Amino acid sequence: MASPDPSVTDRVRALVAAHRGDRGALLPILHRIQAEFGYVDSDVVPVLATELNISRADVHGVVTFYTDFRAEPAGRTVVKLCRAEACQSVGAEQLVAYAERTLGVKVGQTTPDGSVTLEQVFCLGNCALGPAGQIDERVHGRLTPARLDALVTKAVDA
Amino acid sequence: MTTPVTVYVPRDSAALSVGADLVAAEIERAAAEAGRSVRVVRNGSHGMLWLEPLVEVVTERGRIGYGPVAPEEVGDLVAAGLLDGADHELCQGVVAELPWLRDQTRLCFARVGITDPLSAEDYVAHGGLTGLRRALELTPAEVVAQVTESGLRGRGGAGFPAGIKWKTVLDTPGELKFVCCNADEGDSGTFADRMLMEGDPFTLIEGMTIAAYAVGATEGYVYIRSEYPDAVRTMRQAIAVAREQGWLGGDILGSGLRFDLFVRVGAGAYICGEETAMLESLEGKRGMVRAKPPIPAITGLFNKPTVVNNVLTLASVPTILADGAAAYQALGMERSRGTQVFQLAGNVARGGIFETAFGMTLGELIHTYGGGTRTGRPVRAVQVGGPLGAYLPANGLDLPMEYEAFASAGAMLGHGGIVVFDDTVDMAAMARFAMEFCAEESCGKCTPCRVGAVRGVEVIDKITAGQDPDGNLALLGDLCELMTEGSLCAMGGLTPMPVRSALLHFPDDFTARGKPSTGRYEEAKTS
Ligand SMILES: Cc1cc2nc3c(=O)[nH]c(=O)nc-3n(C[C@H](O)[C@H](O)[C@H](O)COP(=O)(O)O)c2cc1C
Ligand code: SF4
Ligand code: FES
Ligand code: FES
């Protein structure tokens, strides 16, 4: 195993220190790592295990259980389309198929140029204004193929 | 110098999803251009989501609403006299007088849409803290008794009486006890928890503080799903304001009560809405369901006595304390007392929040208030109670919205989400999706759920492909039986509900695949 980059190790230690007083701090710490690095590198697992005094297996188990924690960085823009029931009732499946066709990737994949990762999500709490999707941090409602195109283009160009 | 005109533009994320931020910016710009001074307030949403972005202008007649307003329409609207409440195609009149709002009984959602969610002043001016002040005059046992007498049942899905749970925590000795709010809201078709947190977060804080006083807890957590970044932000800001105001901390309202509150964010796992999985997640572990007993009320977070309640359960408590248990109990029917915040979603013309006493029929909600489907086609199926709830056919909508009536119809009220489908829905596909969702979201602890759901998808695929339909239908029945009987929690245990109800009410969808004309739309029209 590659030994972790010392600067990363220091940063992870600092994040752990910032959550020292929190009960059950692993999830908040992982969220911070995910936000800062864009993914949770397997290299940080032993650092976290040592700092929090839990086993590597336990840290690894948590990282892999939750979909939010990525093993690799995502594309520069992340497009999540809701595939839950309420959005399906207003055409979510067709929208997902459209996005797969136009982006040339399947759900869960990143375009070859690294610009867009397409993902599915089950409900964004916008179920009266479906089909819903999330582009980076912002939720969008009443999506149509044209609106999706415009929003994705805008995000990619930004 | 004229006094500025007050204009409300919601900050709710549903409103933002259709451009409310741009609309707010355009209003500032257009007003400045017209030489008018405005004060733009970012309120919660009233819950008439088909009208979002809904802009309201304060006039002598009241708050006049315009919606849905597209950003590019703002210039014309201002020119047409929006800032004076002038008439216009998009003008909805006085918002408080709209039948959709007027016909509701808003207790939990009393302030949502009306106030600035982060204004402590607004909160108090609109009746906030009355419940907490009243609670502090009573003994903890008396507060628990009020909640029990109100008939309040858990709004997260299972409908367990809140007072009984609280009494167990009160009666369990312990130096350290917790109040945990379940804000994981993973069910498709539900968004009331989110809207309450974004639109009136102090109500949840007040409800949790009352719970803490009643059971002797000093620490609380709100577990919010990561799909709700705006709710996370608003709750954190509200908690900071509440601390400054002395509504949280070491000496709440000068009463000596000590309670503090923290937000924790989920990480994209539906199962973390199940209360014991949520507790595991709060402890920093994988969201694996715990076997019960022990129950969380006795052995909860970090093995301490813990109240776990849904957002709406806790947010209903202030009104119960403020107006008394009897007033709450007087609403509703049978063993479903008080109000429920129903959520109209999916293919519905007028979707949003409708808070009303238990007992209104599903059909009235969908047709009278929801206005039927958005596409204008006939309603064919309705799923109530989230992804684990039953599908009901269009001719089965006369059910009263009430826990037991739904249970006896083989359905589930759940968190009050109502998802409408028109006659183009393929119910075999929806049944398949229920299994697919369970396979995706299972925590993996027990075999009937983990393996059963994967098998369920395969079997449904065989049925719709016409491979030994009778044999495979029987197999699907057995599989549903096994999941219902053998699963540790309701994820595996209730996934058969949507599957079986789809089979029962829409059997043709499972056999018609690949055959020319199925007559399935005809059936929907005549039913
Ligand atoms: C798979 C599954 C998911 C659940 N998701 C939620 C949820 O998102 N929010 C919630 O409040 N309750 C959810 N529940 C119900 C909780 O387990 C629990 O009953 C509830 O939080 C108790 O609070 P209440 O009595 O106030 O409803 C879920 C249950 C199961 C089995
Ligand atoms: S039924 Fe499914 S989700 Fe529930 S404990 Fe078993 S495997 Fe986990
Ligand atoms: S089902 Fe898509 S946002 Fe809720
Ligand atoms: S438990 Fe929420 S809708 Fe079912």
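## Chain B overall

In this predicted model, chain B has 22 helices and 17 strands; helices (H or I, at least four residues) and strands (E, at least two) are DSSP runs, numbered from the N terminus. The radius of gyration of chain B, taken over C-alpha atoms, is 24 Å, close to the 24 Å that the globule rule gives for 527 residues, so chain B is as compact as a globular protein of that length. That rule is 2.2 Å times the number of residues to the power 0.38. Along the principal axes, the C-alpha atoms of chain B fill a box of roughly 80 × 60 × 40 Å.

A word on conventions: residues are numbered from 1 along each chain as its sequence is written, while chains are lettered from A and ligands numbered from 1 in the order in which they are written. Local features need pLDDT of at least 70, side-chain atom pairs count only at pLDDT 80 or more, and totals for chains, interfaces and linings use all residues, with side-chain values based on heavy atoms and with hydrogens and water left out.

## A five-stranded sheet

Chain B holds an open sheet of 5 strands in the order β8-β9-β7-β6-β10, with mixed pairing; two strands pair if DSSP finds at least two bridges between them. The edges belong to β8 (249–252) and β10 (306–310) of chain B, each with a single partner strand, so one side of each lacks a neighbour in the sheet. Neighbouring strands are turned by 25° against each other on average, direction ignored.

Strands β8(B) and β9(B) (residues 257–265) run antiparallel and are joined by 2 bridges. Gly249(B) has Phe259(B) of β9(B) as its bridge partner.

## Helices on the sheet

Helix α12 (residues 275–282) of chain B packs on the sheet and touches β6 (178–183), β7 (219–224), β9 and β10 of chain B, contact meaning heavy atoms within 4.5 Å. The direction of α12(B) makes about 110° with that of β6(B); axes are lines fitted to C-alpha atoms, for helices over the stretch in contact, and angles run from 0 to 180 degrees between N-to-C directions. Helix α13 (residues 311–323) of chain B also packs there, touching β6 and β10 of chain B, at about 95° to β10(B).

## Around ligand 1

Of the 19 residues around ligand 1 (a heavy atom within 4 Å), those that come nearest include Gly156(B), Glu275(B) and Asn309(B). A polar backbone atom of Gly156(B) is 2.7 Å from an oxygen atom of the ligand, and a backbone N or O atom of Glu185(B) lies 3.0 Å from a ligand oxygen.

Technical notes:
Polar contact = N/O pair within 3.5 Å; in protein donor to acceptor, adjacent residues only side chain to side chain.
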